[in-house]
Amino acid sequence: MHEAWLPCVGDSPLAGSPTYDEPFSALSRITCKWTEMREGDSSEYGEVPGRGEYNPSRPELQSEMMKGPVFAKKMTHILLGRLTVSTTRQSSAAPHSGYTQHVLPAMAQATAKRQKMAHANRESEFFPGIGPVEYKPSAEPSETLVFRHYNAQQEVLGRTMEEWLRFSVCYWHSFRGTGSDPFGGPTIKRPWDDGTDSLDNAKRRLRAAFEFFTKLGIKYWTFHDRDLAPEGKTLAETNANLDEVVELAAELMNKTGVKLLWATCNLFVHPRYMHGAATSCDAHVTMYAAAQVKKGLEVARRLGAENFVFWGGREGYHSLINTDVRAELDHLAAFYKMVIAYKEKIGFKGQLLIEPKAKEPTRHQYDYDAQTVMAFLHQYGLNAHFKLNIEPNHTTLAGHPYEHDVIFSSAYGMLGSIDANTGSPDLGWDTDQFPMDVRSCTMVMKAVLEQDGIAPGGLNFDAKVRRESTDLKDLFIAHAAAMDTFARGLKNAASMISDGVFAKSINARYVSWKSGVGSRIARGEATLEECEKVVMEHGDPRPESGHQEHFEAMLNHYI
Ligand SMILES: [Mn+2]
């Protein structure tokens, strides 16, 4: 006698008769009975036994059993039946080999997996023996799973570190990343992830993530819609999948106090977006993207997202010979106008953000860098509705220094949030590494302090552990060390600003603009004739040193 709790399938015989002789009896002359039924949820079972294996001669039964997971996908609560397989044979024939070789082991496996997963869902820790990460300024050099500098409640220039830094964990790299790259498959296997696209797996992963956020002491997270839940066969099914996981997210956010810094829609992975989403040559594709963003905004509103990001991974060109760039940019602007209209209609209060990137995956991305995006927004009258989400790894891909786009967007009041990461500028592609360079983080935090903070944006770790960093511990160390690097950057920048030596030295360089004709030019009041008169009277300007090395030496004093 063997037993297993299994999901009842569609209009299963359970609903009518308690005895079910199919499918196993037809195969092996073994009697199978559904002896009991109860309500369960889709997290309570593993694979349907022998799925796709046990009955090569009866494909119709195989497909019947295949309905199990599909059915369960759609429902939180499902009917579970206790399937009892007894050895009462209807003839003297030996048990069907499929029964002994596949069904019995599969049933045992299903039961074990169900128990293990139910345990993981409800009771266990996903990161046993790790965290919470503590502030320990006296830590030894080899102690890296601590904060030496990040002390959440410590005040810096009138606000706590937590308030200035607003750290966020990104879901895609840290909970969907597998370490695969264009040359090799996954290297990172998380114990909670069974590798399937099931909702059950999606939910378990989310529970693991919230344990991680809490142990790390990070108060925000970010995601793409498709990170959370799998795509279904139709948009309606996809939306239903998303809704189901979003409800769990709402519950976990409520329980832990972790908030949503921003949500975004993945408009680049699916093959339908190969020509672009808002800038596709096919309007039907753009309609799909619009429908997806409509749902994304609803989810963002449901979860209280403080921002909503657009990263145009496929919005660009590979060749100018087949591309109408003006039409595509007009369509992109029209798309954003639909977004603004719907955002206002549903009362979503989050800040809309565009994330520049120069190239990759397209040869040229329309959102090339901060200045390009700001010019686009002005061109189409959209600038009041958007700010920028700056990712320094993208800035360096555009051929600029690390902090360039942070400073440029901030200078125009357009810095909304930061995807805190770094690249390897010697490589030329987007490596999304954890930011570990104190100088770079100091420069970024100087810009953040000078604009009086980044809220409602934050510092989102759009960074992935290297594919060789396969331990769970590496995920913690990466975040803790990056948080520490930014905490050092914050303290350094605060000292630079408080001491005032940079401001004083920079002001001295621009002193000629503070009075006379210089100040009249700056105010837009001067004329060419007036400028000519000054030069006629005073001759050539006297060259002044820029003192770059002096400034660099001063910066080194602070880092
Ligand atoms: Mn990146």
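Here are some questions and answers about the structure above.

This is a predicted model, where local features need pLDDT of at least 70, side-chain atom pairs count only at pLDDT 80 or more, and totals for chains, interfaces and linings use all residues. Residues are numbered from 1 along each chain as its sequence is written.

Me: In what order do the eight strands close into a barrel?
Reply: Two strands pair if DSSP finds at least two bridges between them. In the barrel the pairing is parallel. The order of its eight strands is β6-β7-β8-β9-β11-β13-β14-β15.

Me: Which residue of β15 stands opposite Ser168?
Reply: Strand β6 covers residues 167–170, and strand β15 covers residues 459–461. The two run parallel, joined by three bridges. Opposite Ser168 stands Asn460.

Me: And which residue in β7 stands opposite Cys170?
Reply: β6 is also joined to strand β7 (residues 220–224), and these run parallel with three bridges. Opposite Cys170 stands Thr222.

Me: Are Phe167, Val169, Ser168 and Cys170 of β6 buried or exposed?
Reply: A residue is buried if 20 or more other C-beta atoms lie within 10 Å of its own, exposed if 12 or fewer, and partly exposed in between, with C-beta atoms placed from the backbone. Phe167 and Val169 lie on one side of β6, with Ser168 and Cys170 on the other. Both faces are covered, and all of these residues are buried.

Me: Which residue is the bridge partner of Asn307 in β11?
Reply: Strand β9 (residues 307–310) pairs with strand β11 (residues 351–354) in the parallel sense, over four bridges. The partner of Asn307 is Gln351.

Me: Why is α14 oblique to α15?
Reply: Axes are lines fitted to C-alpha atoms, for helices over the stretch in contact, and angles run from 0 to 180 degrees between N-to-C directions. Helix α14 (residues 438–450) packs against helix α15 (residues 472–499) at about 55°, with axes 7 Å apart. Angles under 35 degrees count as roughly parallel, over 145 as roughly antiparallel, 65 to 115 as roughly perpendicular and the rest as oblique. The angle of about 55° therefore makes α14 oblique to α15.
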